[in-house]
Number of protein chains: 2
Amino acid sequence: MMTMIIKIFNQVIIQVGKNLRQMSNSENPLNILWHESSIHKLDRQEILQQKGCVIWLTGLSGSGKSTLACAVSQSLHSRGKLTYILDGDNIRHGLNRDLSFSKEDRSENIRRIGEVAKLLADAGVICIASSISPYRKDRDACRALLPKGDFIEVFIDVPLYVCEARDPKGLYKLARAGKVKGFTGVDDPYEPPCSCEIVLQQKGTDSMSPSDTAEILISYLEKNGYLRA
Amino acid sequence: MMTMIIKIFNQVIIQVGKNLRQMSNSENPLNILWHESSIHKLDRQEILQQKGCVIWLTGLSGSGKSTLACAVSQSLHSRGKLTYILDGDNIRHGLNRDLSFSKEDRSENIRRIGEVAKLLADAGVICIASSISPYRKDRDACRALLPKGDFIEVFIDVPLYVCEARDPKGLYKLARAGKVKGFTGVDDPYEPPCSCEIVLQQKGTDSMSPSDTAEILISYLEKNGYLRA
């Protein structure tokens, strides 16, 4: 076998077997399918000393999903754990930038976030998905993508009037003025989970600190073995 | 502040501030935007002792992309590095299962793989994307998503007649028989990169072993600082 390595500027060109056509195809190692011997989730978890999973935060706009996602990420990072936040708003600037806010596209938005969360969890990452995800059916479809136990649904149950009073992005104001259509809680429904792993229920305007709330989730992960390989 | 923790079966319900509505909104810590103090790519890289990037393998069907992806993943894993393979075929069973093989959908297929690869790299993972990705414009669009240097395009330049002789999935046979339409190399073009980081050029049927080829890529990563934080 003849191998020639050529470097042009920063480009590396490797020439293999120049003009050698005499070898039979059966001798060609690139023709062997190696897929079985590849690296799997368990191997990645061994490196990371954690289990890949999805913490799915659902709740109204302004309920504190993003804030909680950051607090969980920070706390886990301080323990040397690898996390990644899939923020619904951010994803709409990238992967889901072709989607509108129609009912159909909102479902597709959640489907894609679920599929990416699944890939991240399979990579060994503790993925924190943060999006309103108002429809139960869509969330359940995401749950079905993950191995049993690896989809941890967290309902941030904050009353509408509290979220609306906060209105951090001014979206409730726009929705009430009719300038934003199909806004969850105003003119589109939010379907609370029937059975999810964790409910963070706020009855009035009082609330726990994000870091205290984060510790509840982290304690759940610890008890369920996600913070070790 | 009153906090009540209720456990029903495996579900944890945390009730916060039950019937306490006297606190002003300004005292509500969940209303503070923490996003700035979150964990960033550099922090994740510190944990992983590597730099997140995308190794983009492009080439004809049967050129050995998947085999090489597995070999690279195995070798990096043995060095304690976190990798994840985004295989074009696998992604079509999940995230991209709504897409056909029309020219438009093939572009969308690559766009989404690029967006996911970007997220994985941002998570700190060495992402190995393996798909024919026949159109230059689509690959360049994926490159544009990543910070400079973090998109490492690897062209597996194997002659069509070699790929067709291998035909590991029997697709060339189907394409020649007209049973598969728009097949790259048969009735749809493959546009080779004009300028990419690495070209693995095979002139005849002879080829390097996947593990030897993998070492070329790993050596590139090492030289360019991707195997340390």
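Modeller: A salt bridge is counted here when a side-chain nitrogen of Lys or Arg lies within 4 Å of a carboxyl oxygen of Asp or Glu. The model is predicted, and by this rule the count over all chains comes to 30 salt bridges.

Several of the charged residues form a network of salt bridges that includes residues of chain A and chain B: Asp98(A), Glu108(A), Arg111(A), Arg112(A), Glu115(A), Asp98(B), Glu108(B), Arg111(B), Arg112(B) and Glu115(B). One pair within chain A is Arg112(A) with Asp98(A), at 2.9 Å from N to O. Arg112(A) belongs to helix H4 of chain A and Asp98(A) to the loop between helix H3 (88-91) and H4, so the pair ties together parts 14 residues apart in sequence. Arg112(A) is buried, with a relative accessible area of 2%, whereas Asp98(A) is partly exposed at 40%.

Leu120(B) is in contact with residues including Leu120(A) and Ala123(A).

Two further pairs lie within chain B. In one, Arg79(B) forms a salt bridge with Glu215(B), the closest N and O atoms being 3.2 Å apart. Arg79(B) is in the loop between H2 and E4, and Glu215(B) is in helix H8 (residues 210-223), so this pair ties together parts 136 residues apart in sequence. Arg79(B) is partly exposed at 37% relative accessibility, and Glu215(B) is partly exposed at 33%.

In the other, Arg143(B) and Glu197(B) form a salt bridge with their closest N and O atoms 2.8 Å apart. Arg143(B) sits in helix H5 and Glu197(B) in the loop between helix H7 (171-176) and strand E7 (198-202), so the bridge joins parts 54 residues apart in sequence. Arg143(B) is partly exposed at 24% relative accessibility, but Glu197(B) is buried at 14%.

Lys65(B) is buried yet has no salt bridge. The nearest side chain of opposite charge, that of Asp89(B), is 7.7 Å away, and a salt bridge requires the nitrogen and oxygen to be within 4 Å. Lys65(B) lies in helix H2 (residues 65-78) of chain B, and the residues it touches include Leu57(B), Leu60(B), Ser130(B) and Ile156(B).

Note on methods: Residues numbered from 1 in each chain as written. Chains lettered and ligands numbered in written order. Predicted model: local features only at pLDDT ≥ 70, side-chain atom pairs only at ≥ 80, totals over all residues. Heavy atoms only, no water. Helix = DSSP H or I, 4+ residues; strand = E, 2+ residues; numbered from the N terminus. Buried < 20%, exposed > 50% of the residue type's maximum accessible area, 1.4 Å probe, protein only. Lys, Arg positive; Asp, Glu negative; His and termini not counted. Contact = heavy atoms within 4.5 Å. Lists of a residue's contacts leave out its neighbours within four places in sequence.
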